[in-house]
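Here is a friendly briefing to read alongside the model. Keep the sequence and the structure open as you go through the topics below.

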Amino acid sequence: MNSFISKLVCVCALMFSFLCSAAELPKVKATFLMEHEGFLLWYAEQQGWDKKLGFELDLTISSYNGLALMNQYRKDPTSWNISCTSHVPFIMGGKDVFVEVIAIANDESAATSVLAMENSDIFKTQGYDEYFPKVYGSPEAIKGKTFAFKGVSSAIYTLARWLDIFGLDLNDVKLIKFPDSDISGELQKNKYHALALWSPDLNDALKLGYKEVVSAEQLGEVIPCTIKVDEKFAHENPELVAKFLAMYFKALQIQLDDIDSLVDSYQQFYRQLASKEYTKEECLDDLKKHHVTSLDEQIKLFEQQGHRRSWIQNLEKDLTSNTLVVLKSLDTNDIQISNRIKSQKYINSEYIKLAKKYFEQL
């Protein structure tokens, strides 16, 4: 009898284990930054859209920068399956990083800026260059000044593009890299003359008395944050990658259709994950500064016309050329330039097309 009961228990345990195993959903490991695109993905997860599409999102929100995500992946390619950075850290930290660009998360040009203390001489001159009438600065006021920045990013690229207006480059100013810590806390301890930042750190600096000198948008720049997927993972799991994109674009579409409805969740995102408190007005303004493009429009932007490059391929090509020119003087061990930048073959339009059918299910 005892033997029968023991066998029955074993059978039940095996059946339970089988049922649990059968119930497990495939996972997608994603690491996004503590900013707008990270919010949209977090919001999508909060709605349970991953489960609805039959997979489980394993989401990590990182508080530093895109170059750190590239370096993390290089050391351990299993650290994430999907991530998101702007183009600058991708090409400057993309050596031996075998990923594909599969979508545009947003354009953060309006939320990426150079700032200075309100009493800086930089604000004494506006319109030095007739093509940039609203931009502050003059060579005399800028040269030799100290600028703090947060790693190799779109912000330091913006700084370099701004300096170029005045016939200057990064060698004409002093650069200090922020420590890997909370920028708001660091700015409260140390008053730097000027900064190169993006939101939400940009918003924290404005609260502490800094004033915007110029945004990337005012310089005519596009700062696309692109979604990247591990090449091997994507080729083995194309439908899973498409489902991931579908849930992201569902959140993105809400921003396009009803941006006000996201404000409370945006507040909660920063309060819960970063212990930062922003007003509803600040949250709405920051959402508006992150320009997004719908799934249908992006499918068009990724399409090649015969043997001609697609819109996104041309954009990445131009950004690559500009970045290598303006950041050539940076001397840091962090930089590992990608060998793939000479070709836009790392841009893959297949997953965004596949995402359409899953998007329509949400």
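A polar contact is a pair of N or O atoms within 3.5 Å; within protein, one must be able to donate a hydrogen and the other to accept it, and residues adjacent in sequence count only if both atoms are side-chain atoms. By that rule, a polar contact of 3.1 Å joins the side chains of E100 and N348. This is a predicted model, in which local features need pLDDT of at least 70 and side-chain atom pairs count only at pLDDT 80 or more, while totals for chains, interfaces and linings use all residues. Residues are numbered from 1 along each chain as its sequence is written, and side-chain values use heavy atoms, with hydrogens and water left out.

**Confidence**

- The protein chain has a mean pLDDT of 89, and 91% of its residues reach 70 or more; pLDDT is the predictor's confidence in each residue, from 0 to 100.

**Around E100**

- E100 lies in strand β4, residues 99-107 (helices, H or I with at least four residues, and strands, E with at least two, are DSSP runs numbered from the N terminus).
- E100 is buried, with a relative accessible area of 5%; buried means under 20% relative accessible area, exposed over 50%, and partly exposed in between, using a 1.4 Å probe and protein chains only.
- Setting aside neighbours within four places in sequence, the residues in contact with E100 include K228, E231, H235, Y346 and N348.

**Salt bridges**

- The whole structure holds 17 salt bridges, each being a side-chain nitrogen of Lys or Arg within 4 Å of a carboxyl oxygen of Asp or Glu.
- D201 pairs with K150 in a salt bridge whose closest N and O atoms are 2.6 Å apart. This pair links distant parts of the chain, 51 residues apart: D201 is in helix α9 (residues 201-207), and K150 is in the loop between β6 (146-149) and α7 (154-165).
- D201 also meets K276 in a salt bridge, at 3.5 Å from N to O. Because D201 lies in helix α9 and K276 in the loop between α12 (263-274) and α13 (280-289), the pair ties together parts that are 75 residues apart in sequence.
- D201 is buried at 4% relative accessible area, and K276 is buried at 14%.
- K150, D201, D204 and K276 are linked in a network of salt bridges.
- K51 and D50 form another salt bridge, their closest N and O atoms being 3.4 Å apart. K51 is partly exposed at 45% relative accessibility, whereas D50 is buried at 0%.

**Nonpolar cores**

- The largest nonpolar core has 113 residues, and those with the most contacts inside it are F32, W162, I227, F244 and L245. A nonpolar core is a set of buried Ala, Val, Leu, Ile, Met, Phe, Trp, Tyr and Cys residues joined through side-chain atoms within 4.5 Å.
- Helix α11 (residues 238-258) gives this core its largest share, 12 residues.
- A second, separate core of 11 residues includes L115, A148, L187 and L195.
- Not counting residues up to four places away in sequence, F32 touches several residues, among them L41, I82, C84, I227, F244 and Y248.

- Helix α2 (residues 36-46) is mostly covered, with 9 of its 11 residues buried. Those buried residues include F39, L40, L41 and W42.
- After α2 comes G48, whose phi is positive, near 75°.
- L319 sits in helix α15, residues 311-326, and is buried with a relative accessible area of 7%.
- L319 touches H87, Y157, V222 and P224, leaving out residues up to four places away in sequence.

**Cysteines**

- How many disulfides does a search of the whole structure find? The search finds 0, where a disulfide is a pair of cysteine sulfur atoms within 2.5 Å.
- C84 is in no disulfide, and its nearest cysteine sulfur, that of C225, is 5.1 Å away.
- C84 is buried with a relative accessible area of 0%, and C225 is buried at 1%.

How values were computed: Contact means heavy atoms within 4.5 Å.
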